[in-house]
Amino acid sequence: MDPFSPSQPEPSQPSGPLLGLLSRALEVWLRQQCSAIERLEIQLLGSAGQLVLGRLQGVRLEARKVVYRNLRFERVDLASGPIRVRMGALLRGQSLQLEQPFAVQGSVSFSGSDLAASLATPQWRSLGDGLAEALLGFTPLAGLRIEDDRLVLRALGAGSDTPVEVVTHVEAVGGSVEVHSVDGEAHCRLPMDPAIRIERARIGSGLLQLQGEARVSP
């Protein structure tokens with residue numbers, strides 16, 4: 001499931017001042033949803049007639065170094081389904097208003113440092129500690145790193161200054177992500193937002209990549 005596959009036919013791309021207005025409004029909206037975006041590219045898909053009516057066939061975006069809800073992403077590549085926006089409000093100088101939820105498909109990638117920093121935040125610390133408890137038998141999670149195609153978790157045993165590590169691999173199961181110790185003795189399935197479904201999980205080139213789909217609400 002790669003929405004940016006070159007084998008797929010290219011939808012038409014609108015042009016003109018309305019395109020620029022809507023593209024800028026979408027960029028502002030996206031940056032408001034995120035704490036940080038280092039680089040963002042947006043491509044609007046559809047006809048000029050659809051654009052005037054506030055209807056887009058879809059949107060493609062590529063972003064780098066994104067922070068969203070205290071999760072740090074190295075890369076985000078997404079393609080949406082049809083989107084409807086209130087062009088009247090936008091033409092009156094108001095902020096972007098979406099008329100209805102829409103679906104997105106694509107992938108997100110984390111480096112080892114991204115994951116470590118994310119799981120160290122108060123919002124996600126319990127998730128990291130849950131991984132440590134399930135896979136190491138100790139909490140809290142003291143750190144992690146990516147080595148080749150494996151995720152290495154580290155925790156400190158009770159009353160010990162010597163870290164204990166476990167080497168794991170990841171896979172997509174039941175719409176979520178499962179982390180397994182390579183010896184097969186322990187595993188942990190991550191809790192997942194019901195609006196998100198993970199279809200593929202892999203580690204390679206120093207990154208954890210998740211592919212799937214989600215539903216975005218206005």
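The structure is a predicted model, in which local features need pLDDT of at least 70, side-chain atom pairs count only at pLDDT 80 or more, and totals for chains, interfaces and linings use all residues. Residues are numbered from 1 along each chain as its sequence is written, and side-chain values use heavy atoms, with hydrogens and water left out.

The overall picture comes next. The chain holds 5 helices and 13 strands. These elements are DSSP runs, numbered from the N terminus: helices are H or I with at least four residues, strands are E with at least two. The C-alpha atoms fill a box of roughly 65 × 35 × 25 Å, taken along the principal axes. Of the 218 residues, 40% count as buried. Buried means under 20% relative accessible area, exposed means over 50%, and partly exposed lies in between, for a 1.4 Å probe and protein chains only. Contacts were also examined, a contact being heavy atoms within 4.5 Å. Among contacts between residues at least 6 apart in sequence, 51% join residues at least 24 apart.

Confidence is given by pLDDT, the predictor's confidence in each residue, from 0 to 100. The chain averages a pLDDT of 88, and 91% of the residues score at least 70. Over residues 1-12 the pLDDT is below 50. Beyond near neighbours in sequence, this stretch has 26 contacts in the model.

Several of the salt bridges can be described one by one. Side chains of opposite charge can pair when their charged atoms come close. Glu 27 and Arg 31 meet in a salt bridge, at 3.1 Å from N to O. Both belong to helix α1 (residues 17-33), where they are 4 residues apart and separated by about one helical turn. An α-helix has 3.6 residues a turn, so residues three or four places apart point the same way. Glu 27 is partly exposed at 29% relative accessibility, and Arg 31 is partly exposed at 34%.

Another salt bridge joins the side chains of Glu 41 and Arg 39, at 2.6 Å from N to O. Glu 41 is partly exposed, with 41% relative accessibility. Arg 39 is also partly exposed, at 38%. Arg 145 forms a salt bridge with Glu 147, and their closest N and O atoms are 2.6 Å apart. Here Arg 145 has a relative accessible area of 29% and is partly exposed. Glu 147 counts as partly exposed at 37%. Elsewhere, salt bridges that share partners join Glu 62, Arg 64, Arg 75 and Asp 77 into one network.

Helix α4 spans residues 112-119. Its buried residues are Gly 112, Asp 114, Leu 115, Ser 118 and Leu 119. Seen down the axis of α4, these residues fall within an arc of 160°, so they line one face of the helix. The arc is that of the directions from the helix axis to the C-beta atoms. The cover over this face includes helix α5 (125-136) and the strands β4 (71-80), β6 (102-111), β7 (141-147), β8 (150-156) and β13 (207-216).

Rings of Phe, Tyr and Trp (its six-membered ring) pair if their centres lie within 6.5 Å; planes under 30 degrees apart count as stacked, over 60 as edge-to-face and the rest as tilted. By this rule the count comes to 1 aromatic pair. The ring centres of Phe 73 and Phe 110 are 4.8 Å apart and the planes stand at 40°, so the pair is tilted. Phe 73 is buried, with a relative accessible area of 11%. Phe 110 is buried as well, at 6%.

Strand β12 (residues 196-204) pairs with β13 in the antiparallel sense over 8 bridges. Strands pair if DSSP finds at least two bridges between them. Arg 202 stands opposite Gln 209 in β13. The hairpin of β12 and β13 has 2 residues between the strands, and Ser 205 takes a positive phi near 55°.

Conventions:
A salt bridge is a side-chain nitrogen of Lys or Arg within 4 Å of a carboxyl oxygen of Asp or Glu.
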